[in-house]
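Try each task yourself before reading its solution.

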Amino acid sequence: MDDWLTAAARERPDHEAVAADDGSLTYAQLDERASQRARALAAAGVLAGERVSVTHPPGRAFAELLHALPRLGAVLEPGPPAEPPAPVITTGAGSAARLRTDFQPDAVHTVIRTSGTTGERRAVELTYANHAASALASAAALGVQPGDRWLCPLPLHHVGGLNVLIRSAINHTTVVLHERFDADRVRATLEAGEVTLASLVPTMLSRLRAAGLRRAPGLRAIALGGGPIPAGVLDWAAEADIPVVPVYGMTETCSQIVAGIPGRPLSGVELEIGADGEILVRGPMVAPGELAGDGWLHTGDLGSLDADGRLRVLGRLKELIVSGGENVAPLEVEQALLTHPAVVDAGVAGLPDPEWGEVVTAFVVLREPAASEELRAWCRDRLAAFKVPKAIHRVERLPRNSGGKLLRDRLGGR
């Protein structure tokens, strides 16, 4: 497999590769700087096959590291800013190490840790072939144009943010990196028509709505994933002619595997629903080490498929609430609450109860006053009686990780 950056630098040397807070680089410049970094890393003692844990630096520097390490046969393991780098990454001309320009498809390219929303963050090994298949499937779903500029305000140590950099290199297009999400800045970028694609999580889109986003000229799609999407936000986006494509995926599948409403599998993705309602996945973008003995990735997510193979995600299997012998998917309750005009954000969990075992309990962020009983009545009109929250608590914010995913195990101070 050819080096993606080498190919991009050959085909589009003067095309902007990365536009970041710490500067911009053309593909020719990124290619040269990646080689310089690779030689510096070799001089610092980095060897083929080693994992290099990196607290991600600003976007342009991260892009250089992302492409430098494969040229040594080393593996990038990015971490959040709070984690120290090991080894320390140095810069400079370095030694005249022999750099690689082609890779084995099944070799490990990156090690990404899962978001840890239901437990400890777990390391997932993603191969060159996984990333290439993911880029191909995403391109088939969203399209690729030579002038594409993909906005990414997501953390680069999560697979959703990292893959924007990789896809852009594979497709020889431009990635626009914001070091952190700032609603006013993203709104200005979208309204100025500076990007054609964007990756966001639902809380980000909600904040853009609150920030007054009214238009996004030239925008072809916002790939929106990472949690339940408030129905009101999608309605607002449609009225504002802001194109939103809901996506579903995970670290183990190298990001998105389903896109659109209804949720259609991307090219190469196979889906099944297990006997317990669990979503099973296989395809060339699935990390080989995550496949079970039956050849499927067991996602830990609950879902259903309609007659046309379209997926509906119902939540996490581990998060299923068992109340009085009835099973309740928290995501279904959250989606019902999010359709209420007063609800900005919602989280649902099962709290211990001596009579019911667990009781369905909701925590909501409101944009305007709404009584608990009003919200329960709203749910009763949309859900079976046993799924209606026994209690609803108003909170200022919900616990979420840096990728915007709800930390359900922290609801109610647990």
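The exercises below go from a helix pair to single residues.

This is a predicted model, in which local features need pLDDT of at least 70, side-chain atom pairs count only at pLDDT 80 or more, and totals for chains, interfaces and linings use all residues. Residues are numbered from 1 along each chain as its sequence is written, and side-chain values use heavy atoms, with hydrogens and water left out.

**Exercise 1. Describe how α4 packs on α5.**

Step 1: Locate the elements. Helices (H or I, at least four residues) and strands (E, at least two) are DSSP runs, numbered from the N terminus. Helix α4 covers residues 128–142 and helix α5 covers residues 159–171.

Step 2: Get the geometry. Axes are lines fitted to C-alpha atoms, for helices over the stretch in contact, and angles run from 0 to 180 degrees between N-to-C directions. The angle here is about 80 degrees, and the axes are 10 Å apart. That makes α4 roughly perpendicular to α5, a class that spans 65 to 115 degrees, with angles under 35 degrees roughly parallel, over 145 roughly antiparallel and the rest oblique.

Step 3: List the contact (heavy atoms within 4.5 Å). From α4 come H131, A132, S134, A135 and S138, and from α5 come L162, N163, I166, R167 and I170.

**Exercise 2. Characterise α4 itself, along with its two ends.**

Step 1: Check the length. With 15 residues, α4 reaches 21 Å from its first C-alpha to its last, close to the 21 Å expected at 1.5 Å a residue; the expected span is 1.5 Å times one less than the number of residues.

Step 2: Look at burial. Buried means under 20% relative accessible area, exposed over 50%, partly exposed in between (1.4 Å probe, protein chains only). The buried residues of α4 include Y128, N130, A133 and L142. H131, S134, A135 and S138 are also buried, and these four take part in the contact with α5.

Step 3: Inspect the ends. Just after α4, G143 takes a positive phi of about 85 degrees.

**Exercise 3. Find what surrounds T174.**

Step 1: T174 is found in strand β8 and is buried, at 2% relative accessible area.

Step 2: Collect partners. Beyond its neighbours within four places in sequence, T174 is in contact with H15, E16, A17, D148, R149, W150 and S168. A polar atom of the T174 side chain lies 2.5 Å from the backbone oxygen of E16.

Step 3: H172 lies between α5 and β8 (174–177). Its phi is near 60 degrees, a positive value in a residue other than glycine, and H172 is buried at 17%.

**Exercise 4. Is R367 buried, partly exposed or exposed, and what does R367 contact?**

Step 1: R367 is in the loop between β21 (357–366) and α10 (372–380).

Step 2: Read the accessibility. At 44% relative accessible area, R367 is partly exposed.

Step 3: List the partners. Leaving aside neighbours within four places in sequence, R367 is in contact with R209, P341, A342, V343 and V344. The R367 side chain reaches the backbone oxygen of P341 at 2.7 Å.

**Exercise 5. How enclosed is α9?**

Step 1: Count. Seven of the nine residues of α9 are buried, so this helix is largely enclosed by the rest of the structure.

Step 2: Take one example. L338 is found in α9 (residues 330–338) and is buried at 3%.

Conventions
A polar contact is a pair of N or O atoms within 3.5 Å; within protein, one must be able to donate a hydrogen and the other to accept it, and residues adjacent in sequence count only if both atoms are side-chain atoms.
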